[in-house]
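Okay, thanks for coming, everyone. Let me put the structure up, and then I'll walk you through a few spots in it.

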Amino acid sequence: MSDTNPNDTAPRRDFIRELVIDDIATGRFGRAPATRFPPEPNGFLHMGHAKSICLNFGIAREFGGTCNLRFDDTNPLTEDMKYVEAIKRDIRWLGFDWDGEYFASDYFEKLYEIAERLVEQGKAYVDSQSEEEIRTNRGTVTTPGIPGPYRDRSPEENLDLLRRMKAGEFADGAHVLRAKIDLAHPNMIMRDPLLMRIRRDAHHYRRGTEWKIYPLYDFAHGLSDAIEGITRSLCTLEFKDSRDIYDWLVEAAGYNNPPTQIEFARLELDYTVLSKRKLLRLVNEGHVNGWDDPRMPTIAGLRRRGVRPEAIRAFADTIGVARKDARVEIASFEHTVRNDLNMEVPRVLCVLNPLKVVITNYPEGQVDMLEGQNYPHDVPKTGTREVPFSRELWVDRDDFMEDPPKKFYRLSPGREVRLRFAYFITCTDVIKDADGNVTELHCTYDPETRSGNAPDGRKVQGTIHWVSAQHALDCEVRLYDRLFTQPDPDDVPEGEDFLSTLNPTSLVVIPNAKIEPSVASDPIGSRYQFERTGYFMSEPEDSTPEKLVFNRIVSLRDSWAKESKKGI
RNA sequence: UGCCCCUUGGUGUAACUGGCAACACGCCUCACUCUGGAUGAGGAGAGUCUAGGUUCGAGCCCUAGAGGGGCAACCA
């Protein structure tokens, strides 16, 4: 991490870190803090995961502990190696490295041994009720469940059945291994939770068809933590009720000084969704162009968009960690992204919606090489580049108004403005087509203002960006906006879902923007601030030297937009 | 009609564990500026879900209630 980054702050003290500090002080675990990040390889990592990654890896880093990466791959139906690779890449990109790399699927043997032991001890049994019967007999949140007819099978019979389940003698659903706890337990999770189920013909992406039975989350998770010697198992709030079975299992399996689970609130971000299920739908139903679509809140999407890992880490810092459901405003994230980029990336001039300007008193064929500062005075970086100036220029249509309101500081008939790094110009004529659309502006320039200032001391209120028509490079600019039209995309009328709030203009492609020639040979993936417009990155997949493509990472704060709205 | 978790400005977090509500984002002013960016200065905005109680003193403790969320997947 660079120490000049204004986003880097001292580590916060959240309630989890307090507990970890406590553990260290009391010597509770007798070892350094050990955490783990346990993704299921069935989708791409998103911002919510980034929060968890920063927490788990951050704690390990801050307290001299360890953080494992463990793939929680206990469901052969949904998991895939491609997700494993993507997840590893994303974590590394975020700036973290793991101590141990483990797979729950490597624990299948151990887990099975534990299962046999539980059966022998009478703590687990094989249930042969149908899925439907199991559900019914579990009761409801307000009524207790009732024991099924197989609950009191002898350990011998259970063991025999379990072994035959493992051997592949039974079809899916014929039997299931359950913990023997209490069908009337007030915590639904504890009503004889399922431990293992048959998936006889499934193909596990790592274990192939070797295993006919697979552990369920509750069975695998805590025990995997215990096997790895994790001290604090951090997870999100919805697993709170699972803590009981977590503790029950590590105890029953005989682990002393086992890990304990701490739950924290998952991240919710305005105008987007952070759920793998929903993100998968966006991908599968073609609402976006894949997991790494720059509109996606996935790590891959943010990376492709141009957001830097520093910004994501800083964001994780600012949102904090608590036990309260929280929905973070998108402005907070955007601020972090700008704050990060402001100090890092060079400035460049790019005209998004070109409007031709002819400098009528500038000699035809003449070219003036001007010097452009790559960074503003308040960014501690230096560098200049040459910017060609000529008789015909492009400026942004947004920077011209024929009949401007009082506070409009840009170009309008008779108004003088400064061209960034160049001369003062004054608009003398507005050329229109038959339909009355402005097609061209005629301006005059003041040769005395080449320095950017007038020798006579006169001031101009506005400075606008521009590009020499003859020298400009054509480029495609992709303007990304929020994916949904409302802060909470799930807040929809009965019968609708989050897809009905998709933002139809979340991507606007500008096929013919004009950018200054200095960027021509910059490497793909270079980031810039297009002055007065926003932060951009050259598109990692699609940009080529022949056809430049840029992604908008985030726009600049726009106080004129706010000002002009007031007039409405 | 169960069990569990949560409740501090618009948003997200703090408050040395009982001592007179802070920080960030956002918003509004003003200043500065060759980016209406950045920066600087200032401001508005909560009396901590409600009602009782304990205490010299409560956001922190107690009681009761309200509101929000999670749990009845052979998902994680």
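So, when I say salt bridge, I mean a side-chain nitrogen of Lys or Arg within 4 Å of a carboxyl oxygen of Asp or Glu. With that rule, a search of the whole structure turns up 52 salt bridges.

Quick housekeeping. This is a predicted model, where local features need pLDDT of at least 70 and side-chain atom pairs count only at pLDDT 80 or more, while totals for chains, interfaces and linings use all residues. Residues are numbered from 1 along each chain as its sequence is written, chains are lettered from A and ligands numbered from 1 in the order in which they are written, and side-chain values use heavy atoms, with hydrogens and water left out.

Let's start with D23, which forms a salt bridge with R232, the closest N and O atoms being 2.6 Å apart. D23 sits in helix α1 (residues 15-26) and R232 in strand β8, so this pair ties together parts that are 209 residues apart in sequence. Helices here are DSSP runs of H or I, at least four residues, and strands are runs of E, at least two, numbered from the N terminus. Are those two buried or exposed? Both D23 and R232 are buried, where buried means under 20% relative accessible area, exposed over 50%, and partly exposed in between, with a 1.4 Å probe and protein chains only.

Next, R281 and D497: their side chains meet in a salt bridge, 2.9 Å from N to O. R281 is in helix α9 and D497 in the loop between β23 (473-480) and β24 (507-515), so they tie together parts that are 216 residues apart in sequence. R281 is partly exposed, at 25% relative accessible area, and D497 is partly exposed too, at 28%.

There's also a network: D292, R304, E476, R478, E539, D542 and K547 are linked by salt bridges.

Now for strand β17 (residues 392-396). Four of its five residues are buried, so it is largely enclosed by the rest of the structure. Which strands does β17 pair with? Strand β14 (residues 354-359) pairs with β17 in the antiparallel sense over five bridges, and strand β22 (residues 466-468) runs antiparallel to β17, joined by three bridges. Pairing here takes at least two DSSP bridges between the strands. If you want to find these on screen, L355 has V395 as its bridge partner in β17, and W394 has V467 in β22.
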